[in-house]
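Student: I have a model open and would like to walk through it with you. Could we start with the aromatic rings and then move on from there?

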Amino acid sequence: MKKVAFLAPSYPVLSETFIRTEVDSVKACGHPVCVMTFIKYHDCSEFSYDTHEIGANFYLSLLTTLSLAGMVRALSFIAKQHAMPKLSLFRYSLNLALQMRKEGVNHVHAHFAQHTCAHAITAAKMMGITSSFVAHGHDLYEAPYDVHLKVNNSNFVVAVCKDMEHHLKQINSDKIKLLHCGVKINEFPPPQSSSAKRHITTPIRLVFLGRLVEQKGLNYLIQSLHDLAQQHLITLDIIGDGALRSSLQQQVHTLGLSKIVHFLGAKSPHWVHHNLATFDCLVAPFCVSQSGGVDTGPLVLKEAMASGVPVITTDLMGCKEIVAPGTGLIVKQKDSQSLSHAIIEFIHYPYEKRQEMRRLARLNIENNFDALHQAKSLSHWIENCAS
């Protein structure tokens, strides 16, 4: 099977566990794998594959393994770029190509349709191997750079939701593949059925998990709790950190919600995997930011449901594809009142219904978003694309 190099801007990143999940899952399909990154945060000795920092080594002796025709194709691609410094793109791509040649790489798969993608395509052309990339919300809708050029010069492109698939197919319908990011089912213990009902005075425990940035819509969730908290027993734990933390804490204080809203900071994936199931509902009020930033297929929804936690989220792109009937509620984005009504509806569900939602949430992930199953599709596309 082809050896696959996964290209990421930096690795590993706490908020980008979907990349590590994909690497592990493709490796489980039988592919030799490695990761190429511009910034390596630690020695990565915990991983069962090699992680290389691009440019750390320059294998000059391997220059003769790069064909003249491949170099011409790479230079032609570079010349058409509008968003990147051409000399830098050539230099780092050459380093990347030689490093991948040293590692025996046959296919390079990049995450994000920005500089990582451009380097992957250029290096692949130099080497005469195949390339692909995964597009995400930021690089398509907030900061798109030469997307048409990158799509048309890759062997295939992965869209992570149907709306994105439709958008990219307008560029080149033959190259676009739909594949939702998956989760490792075995890392999330299945929900435990219990015949013991919670006491009527026990609060409903809501949780928010994600970066504290505009497109997560957390300010709308906090606003929705203002009147709600006076009538119902609820708590909200906010797991994550980010630029808006101070302003959100001020909002909580101003609205008098400090007793029920708790900022827990960022937590490790291990903590998330073992604690998500203790919550009653994950609330993910995602929205489109003023700059166009949007979550196209949020992994957190899948992780919550894998833990048997129902979700309340918005009608945004991939969100509406993830939440199956009986597993959660969907509301309009940027609508605190609709969010409040959905939370009240969930609170009023009988205990038995909430338990059934837990079961269906887990089943939905097992059937539709298992990482190994997703990786088999990606493996098939990689094996069957020709250079």
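Tutor: Keep in mind that this is a predicted model.

Student: OK, and how many aromatic pairs does the structure hold?

Tutor: There are six aromatic pairs in the structure. One of them is formed by Phe47 and Tyr49, whose rings are stacked, with 5.4 Å centre to centre and 10° between the planes.

Student: Why does that pair count as stacked?

Tutor: The angle between the planes of Phe47 and Tyr49 is 10°, and planes under 30 degrees apart count as stacked, so the pair falls into that class.

Student: And those two, Phe47 and Tyr49, buried or exposed?

Tutor: Phe47 is buried, with a relative accessible area of 9%, and Tyr49 also counts as buried, at 6% relative accessibility.

Student: Switching topic: where is Phe6 found, and what does it touch?

Tutor: Phe6 lies in strand S1, which spans residues 4-11, and it is buried, with a relative accessible area of 1%. Leaving aside residues up to four places away in sequence, Phe6 touches Glu22, Val23, Val26, Val33, Cys34, Val35, Met36 and His109.

Student: What about Gln99, what separates it from Phe6?

Tutor: Phe6 and Gln99 are 93 residues apart along the chain, while their C-alpha atoms are separated by 13 Å.

Student: Now helix H7, which residues are buried there?

Tutor: In H7, which runs over residues 162-172, the buried ones are Met164, Glu165, Leu168, Ile171 and Asn172. They cover an arc of only 110° around the axis, and therefore sit on the same side of H7. On the other side of H7, His166 and Gln170 are exposed.

Student: What covers the buried residues of H7?

Tutor: The cover includes helix H5 (137-142) and helix H6 (147-152), together with strand S6 (156-159) and strand S7 (176-178).

Student: Last one: which residues form the nonpolar patch on the surface?

Tutor: That patch is made by Phe58, Leu60 and Leu63, which together have about 270 Å² of accessible area. Leu63 has its place in the loop between strand S3 (50-53) and helix H2 (68-79).

Student: Why does Leu63 count as partly exposed?

Tutor: Leu63 has a relative accessible area of 33%, and because buried means under 20% and exposed means over 50%, a value in between counts as partly exposed.

Key:
Residues numbered from 1 in each chain as written. Predicted model: local features only at pLDDT ≥ 70, side-chain atom pairs only at ≥ 80, totals over all residues. Heavy atoms only, no water. Patch = residues over 30% accessible without salt bridge, like charges linked within 9 Å, V, L, I, M, F, W, Y side chains within 5 Å. Areas by Shrake-Rupley, 256 points an atom, 1.4 Å probe, with all protein chains shown as cover. Salt bridge = Lys/Arg side-chain N within 4 Å of Asp/Glu carboxyl O. Helix = DSSP H or I, 4+ residues; strand = E, 2+ residues; numbered from the N terminus. Buried < 20%, exposed > 50% of the residue type's maximum accessible area, 1.4 Å probe, protein only. Arc of directions from axis to C-beta. Contact = heavy atoms within 4.5 Å. Phe/Tyr/Trp six-rings, centres within 6.5 Å; stacked < 30°, edge-to-face > 60°.
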